[in-house]
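Welcome! Here is a short tour for someone meeting this structure for the first time. Please take a look at the model, then read on.

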Amino acid sequence: MARPRRSGAHEDPAAALAAAAELLAVLHARGQDGVKPAVSPSQLRALLAVEGAEGINLRTLSDVLGSRPPSVTRLCDRLEAMGLLVRSPRPSSRREVELRLTPRGRALLDERRAIRVRELSAVLGRMAPEAVDALIAGLTAFREAAAQSYPADGPPVAADPAVPGPDVGMTESLSS
């Protein structure tokens with residue numbers, strides 16, 4: 001079914017959303033500036049995936065990240081050496097390894113989120129209150145529509161490491 005044409009600046013909603021997503025990617029990247037230890041985008045994606053599913057195993061993390069298990073094992077080696085992640089045998093099956101964030105790993109993600117919320121708040125503060133309300137309503141509707149495509153466990157982790165994935169608290173930061 002064809003959508004009715006829109007007039008003015010909103011003639012192509014997908015292009016407007018793509019442009020906004022690019023700006024959000026810049027703000028997302030600012031959330032990584034100055035945070036120690038520095039982690040790569042793939043390391044950040046892994047930490048976010050583990051945070052979203054504490055106790056996840058290596059094979060599942062490989063699937064979530066779209067990477068081969070040997071690459072994910074090396075990635076986890078580096079994260080563990082940095083003190084951000086811990087691997088331990090699963091109590092029910094000692095042949096299987098489960099992954100958990102360390103307090104330092106949690107603190108790193110929290111610090112990045114706080115910086116990102118500060119950046120987003122600065123932008124939202126320059127908007128009219130009714131525009132912020134409209135943005136939140138639009139994002140809520142967008143999220144609900146997207147959830148119809150991923151009803152079981154939400155959307156996958158972002159393929160582009162510069163674009164925020166589902167676990168970055170974007171909606172929460174907009175509504176605070």
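## A first look at the chain

The protein chain has an accessible surface of about 10800 Å², and 58% of that belongs to carbon and sulfur atoms. Accessible areas come from the Shrake-Rupley method with a 1.4 Å probe, and for residues only the protein chains shown count as cover. This is a predicted model, in which local features need pLDDT of at least 70 and side-chain atom pairs count only at pLDDT 80 or more, while totals for chains, interfaces and linings use all residues. Residues are numbered from 1 along each chain as its sequence is written, and side-chain values use heavy atoms, with hydrogens and water left out.

Seven helices and two strands form the secondary structure of the protein chain, in the order α-α-α-α-β-β-α-α-α along the sequence. Helices (H or I, at least four residues) and strands (E, at least two) are DSSP runs, numbered from the N terminus. Of the 176 residues in the chain, 31% are buried; buried means under 20% relative accessible area, exposed over 50%, and partly exposed in between (1.4 Å probe, protein chains only).

Which residues of helix 4 are buried? They are Val72, Leu75, Cys76 and Leu79. Seen down the helix axis, these buried residues fall within an arc of 100 degrees, so they line one face of helix 4; the arc is that of the directions from the axis to the C-beta atoms. Their cover includes helix 2 (41–52), helix 3 (58–65), strand 1 (85–90) and strand 2 (93–101). After helix 4 comes Gly83, with a positive phi near 80 degrees.

Leu75 counts as buried because its relative accessibility is 6%. Leaving aside residues up to four places away in sequence, Leu75 touches Ser42, Gln43, Ala46 and Leu65, where contact means heavy atoms within 4.5 Å. The C-alpha atoms of Leu75 and Gln43 are separated by 6.8 Å, although the two residues are 32 apart along the chain.

Helix 5 covers residues 103–125 and includes Val123. Among the buried residues of helix 5 are Gly105, Leu108, Ile115 and Leu124. Val123 counts as partly exposed because its relative accessibility is 31%.
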